[in-house]
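Reader: Could you walk me through some of the labels used for this structure? I would like to know what stands behind each of them.

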Amino acid sequence: MKKRATVIFTLIIGCCSQVYANTGELRASAHTFSIHPKVGTSSGHSQTGHKIEAVYGDLKTTIFLFEQGADRLCLITSPLGIESGRLRAACVNVLSKSLNLLPEAIVASSSHNHTIPWLDIDTTQKHQPGTSELLAWELGMDFISELKKSAEIVGNTLEPVTVEWGKAEENRITYNRRGVYANGKTYFMREEDRLAIAGEGYRGTIDPDAVVVLLKNRRDKPLAALTFFTGHPVAAYNPEKLISFGQFPQIAADKLSKHLGNIPVGFVQGCGGDINCKHMLTGTIEQAQLLGEQLGETYLLALKALQPSKRIGLQWSRESVNVPFAGLPALKSLEKDLASIDDFIKRGNAGDEDTRECVGMNFPVALSPPYRARLVELVRPWYIWAIEQHTTANVKNLPTALPLEIVVARIGDVGFVGLPYEPFVKTGLKIKQEADLPCVLTCGYTDGSYGYIPDASACDDREYMSGFFRYRRTIPPYAAPAGDACAEVAVKRLAQFAR
């Protein structure tokens, strides 16, 4: 049995954190496996129970195992919802047992793909033949079976590696979807808004870094690669006409893998809470595939800019962070908004096409009025709850912060920050700009699913992303520095790792 890693307790910003680090050469292994969704399976990204109507290829998951001395760190990357819930718990259970790992040494990161099926891994349920529930359960069992096989492979194929990294700029496929009206209020810039208001060339503030981290063995041959980019994979996505498709992260990873001799290639998603890829709701599968080809081309350019790491080895930690809350809006404001919500729902269900804006959110013509009404109906319970806090004089008893745990790691010269929510791009850029490492993968959708948490500059906005706290039903709005509180902790830990 492997000896447990040495644990050092260090106080950082009032938070107790565990640091894992060892000496000796770095070893690594990786493996990619696929599952095969079927038409009729429940969607993994639907709020209305819609099912998969078309399937475009397999969905691929990649496992990385890093080892230095007695310490190990496992990273699993997937388009599927492995970052939270039962699926994450199952991944941790399988990998911890198969690889003899501490549960905290397993990091699950999703690309946040919107065109995925639902995986049911509950073995206690029985489903009727021919149902979408049975298809989801069969797919879930296939996933767990392949995960176990892959865990055995990576556990038995560790070998010494070096770490190289390269960056290239990709600015053709994403844009910042937080538009700003003339009155200063923000809105969700859908595809129709982007084209009509900003034009095809609009980008806004994005993170254009397309990063390739390449692991090479002692023969200087590529062993595996980890890729990074920032942007919602939502091309050809429509919640009322759902498909299963790996989107641009998988197409680009496949292109890189083929170029490097069919090695395992994983993908981690950046801080894309307010960053969209093009063609959401209105795009074709051909347009979606083109975005993947473009990103793949840029990864090949990043290969030409590879730099060897000056630092060696592996360090990682899990850090506690408190994201602050603000106070609730005034009672009269809440009551006015609730009346607006009820009117919107009534008109939307009646088919009124003039249901485009409500309580700070805007909706595209590509969605039917009843579907828009459903999206607004989902925030109604928050207003009921908030009004109740005022009428019962419970406002003073509300929590003042949301406690989170983030992952911070260094592999050679490459930093990794895993955030358990949908971070805004400015949070990721803050980490990159202030970190003491030359390459940092600033990843959302990792080991948790707290929804959108804005950066410090967006706390007072109420468009879909900034106002997402309302979908969580029983928490106040966020206050500055909001998600940037995680950036501050990550930068300090990375500075220690850089030394």
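Predicted model: local features only at pLDDT ≥ 70, side-chain atom pairs only at ≥ 80, totals over all residues.

Reader: Why is Ile312 called exposed?

Author: Its relative accessible area is 68% and the cut-off for exposed is over 50%, so Ile312 counts as exposed. Ile312 sits in the loop between strand E18 (307–308) and strand E19 (314–324); strands are DSSP runs of at least two residues and helices (H or I) of at least four, numbered from the N terminus.

Reader: What does Ile312 touch, not counting residues up to four places away in sequence?

Author: Arg410 and Gly412, where contact means heavy atoms within 4.5 Å.

Reader: Why are H6 and H7 called roughly antiparallel?

Author: They pack at an angle of about 155°, with their axes 7 Å apart. Angles run from 0 to 180 degrees between N-to-C directions, and the axes are lines fitted to C-alpha atoms over the stretch in contact. Under 35 degrees counts as roughly parallel, over 145 as roughly antiparallel, 65 to 115 as roughly perpendicular and the rest as oblique. H6 and H7 are therefore roughly antiparallel.

Reader: And what makes H9 roughly parallel to H10?

Author: The axes of H9 (residues 425–434) and H10 (residues 484–498) cross at roughly 20° and come within 9 Å. That angle falls under 35 degrees, so H9 is roughly parallel to H10.

Reader: Which residues make that contact?

Author: H9 brings Thr427, Lys430, Ile431 and Glu434, and H10 brings Asp484, Ala487, Glu488, Ala490, Val491 and Leu494.

Reader: What makes a set of residues a nonpolar core?

Author: They must be buried Ala, Val, Leu, Ile, Met, Phe, Trp, Tyr or Cys residues joined through side-chain atoms within 4.5 Å. The largest such core here has 94 residues, and Tyr299 and Tyr478 have the most contacts inside it. H10 gives the largest share of this core, 9 residues. A second, separate core of 60 residues includes Ile82, Val154, Val161 and Ile411.

Reader: Which residues of H7 are buried?

Author: Pro369, Tyr371, Arg372, Ala373, Leu375 and Val376. These buried residues pack against helix H6 (331–349), strand E20 (357–358), strand E21 (361–362) and helix H8 (380–391).

Notes
Residues numbered from 1 in each chain as written. Heavy atoms only, no water. Buried < 20%, exposed > 50% of the residue type's maximum accessible area, 1.4 Å probe, protein only.
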